[in-house]
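Here are some notes to read beside the structure, one point at a time. Please keep the view open and look for each element as it comes up.

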Amino acid sequence: MRTLLKVEMDTDKANDAIRNGTLQKTVESALEALHPEAAYFTAQNGCRTAFIVFDMTDSSTMPKFSEPFFLELGAKVSYTPVMDRDDLRKGLSALGR
């Protein structure tokens, strides 16, 4: 299932990770594991935030993907199922209207 992973990083922990050189390693390692369709980085709610779209094939992978962000960056993590344009078109056509 196409999934949006939102990672909102704790500012102090992310600052420390930048200073000690681990932020980039943490993010790169996560992206290698996730094989994302897209990944975007911004600031939201005053925090460094990543939006990563990937295919979640099994919900049991959530700890594998989440724990590095929790442990290393004190992040708030959320998962949301999402659709692309084709998915929306398919879903709407199934309504039969």
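1. In this predicted model, the strands β2 and β3 run antiparallel to one another and are paired over seven bridges. Within this pairing, you can find Thr42 standing opposite Thr49 of β3.

2. These two strands belong to an open sheet of four strands, in which the order is β2-β3-β1-β4 and the pairing is antiparallel. The edges are formed by β2, covering residues 38–44, and by β4, covering residues 76–81, and each of these strands pairs on one side only. From one strand to the next, the twist averages 20 degrees.

3. The helix α3 packs on the sheet, where α3 touches β1, β3 and β4, and the direction of α3 makes about 150 degrees with that of β4.

4. Which residues touch the most other members of the largest nonpolar core? They are Leu5, Val7, Met9, Phe54 and Phe69, in a core that has 19 residues. Two or more residues come from each of β1 (2–8), α1 (11–19), α2 (23–34), β3 (47–55) and α3 (62–73), and α2 gives the most, with five residues. As background, nonpolar side chains in soluble globular proteins tend to be buried together.

5. If neighbours within four places in sequence are left aside, Met9 is in contact with Ala14, Leu23, Cys47, Arg48, Ala50, Leu73 and Ala75.

Note on methods:
Residues are numbered from 1 along each chain as its sequence is written. This is a predicted model: local features need pLDDT of at least 70, side-chain atom pairs count only at pLDDT 80 or more; totals for chains, interfaces and linings use all residues. Side-chain values use heavy atoms; hydrogens and water are left out. A nonpolar core is a set of buried Ala, Val, Leu, Ile, Met, Phe, Trp, Tyr and Cys residues joined through side-chain atoms within 4.5 Å. Buried means under 20% relative accessible area, exposed over 50%, partly exposed in between (1.4 Å probe, protein chains only). Contact means heavy atoms within 4.5 Å. Two strands pair if DSSP finds at least two bridges between them. Axes are lines fitted to C-alpha atoms, for helices over the stretch in contact, and angles run from 0 to 180 degrees between N-to-C directions.
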